[in-house]
Amino acid sequence: MKPNAVITISGTQQVLPDAPETIEMVTQGTYSYEPGHAEFSYTETEMTGQEGVVTTFTVDGDVVTLTRTGRLRSQMRFEVGKPYDSLYDAGFTALLTRVCARHITVLLNERGGILDLEYALEIEHTDCGTLSYHIEVRKKPAS
């Protein structure tokens with residue numbers, strides 16, 4: 001699909017006792033919207049360490065699903081207060097993950113908008129800290 005949106009992502013990981021680490025990137029991607037449902041995708045770059053992996057966020061009401069496909073496969077479902085278990089398949093190994101959303105803000109419409117997501121992450125039953133995304137999507141005008 002031809003890119004029709006500019007996606008700005010700020011992701012922060014906090015693993016105590018370390019200081020938070022933030023990665024920011026701006027990329028081209030796809031975006032679709034209908035009331036109650038939005039979806040945007042982009043291809044990861046070398047900067048994220050997941051070059052070529054396609055990341056898709058799907059928003060259905062108050063539920064956000066993050067899906068990664070390619071050489072890395074995973075799906076995480078975020079609903080405030082409800083833990084979600086899944087496999088993080090990196091090809092050479094698969095890890096059991098658990099996410100639990102602490103905060104979700106969805107301000108998306110036909111032109112784009114904002115998705116804020118904060119969640120706790122466990123890998124193989126070990127607390128890995130808190131991650132958060134602040135994502136801004138701007139749909140390009142149709143040409």
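Strands S1 and S2 pair in the antiparallel sense over 9 bridges, where two strands count as paired if DSSP finds at least two bridges between them. Strands here are DSSP runs of E with at least two residues, numbered from the N terminus. Valine 6 has glutamine 28 in S2 as its bridge partner, and 6 residues lie between S1 and S2 in the hairpin that they form. S1 also pairs with S10, again in the antiparallel sense, over 10 bridges; there, glutamine 14 stands opposite threonine 130 in S10.

This is a predicted model, in which local features need pLDDT of at least 70 and side-chain atom pairs count only at pLDDT 80 or more, while totals for chains, interfaces and linings use all residues. Residues are numbered from 1 along each chain as its sequence is written, and side-chain values use heavy atoms, with hydrogens and water left out.

The whole structure holds 4 aromatic pairs (rings of Phe, Tyr and Trp, the last by its six-membered ring, with centres within 6.5 Å; planes under 30 degrees apart count as stacked, over 60 as edge-to-face and the rest as tilted). Two of the stacked pairs are tabulated below.

| Pair | Centre to centre | Angle between planes |
|---|---|---|
| Phenylalanine 40 and phenylalanine 57 | 5.2 Å | 20° |
| Tyrosine 119 and tyrosine 133 | 6.5 Å | 25° |

Phenylalanine 40 lies in strand S3 (residues 37-43) and phenylalanine 57 in strand S4 (residues 54-60), so their pair ties together parts 17 residues apart in sequence. Tyrosine 119 belongs to strand S9 and tyrosine 133 to strand S10, so this pair ties together parts 14 residues apart in sequence. Phenylalanine 40 is buried at a relative accessible area of 0% (buried means under 20%, exposed over 50%, partly exposed in between, with a 1.4 Å probe and protein chains only). Phenylalanine 57 is likewise buried, at 0%. Tyrosine 119 is buried at 2% relative accessibility, and tyrosine 133 at 14%. Phe40, Phe57, Phe78, Tyr119 and Tyr133 form one aromatic cluster.

The largest pocket contains about 640 Å³ of space. Of its 26 lining residues, Gln13, Gln50, Arg68, Leu131 and Tyr133 are the closest to the centre. A pocket is an open set of points on a 1 Å grid over the protein atoms alone where a 1.4 Å probe fits, with protein on both sides within 12 Å along at least five of seven lines; lining residues have an atom within 4 Å of a point. Strands that each supply at least two lining residues include S1 (5-14), S2 (21-34) and S10 (126-139).

Technical notes
Points joined across faces, edges and corners; volume = space filled by probe spheres on them. Helix = DSSP H or I, 4+ residues; strand = E, 2+ residues; numbered from the N terminus.
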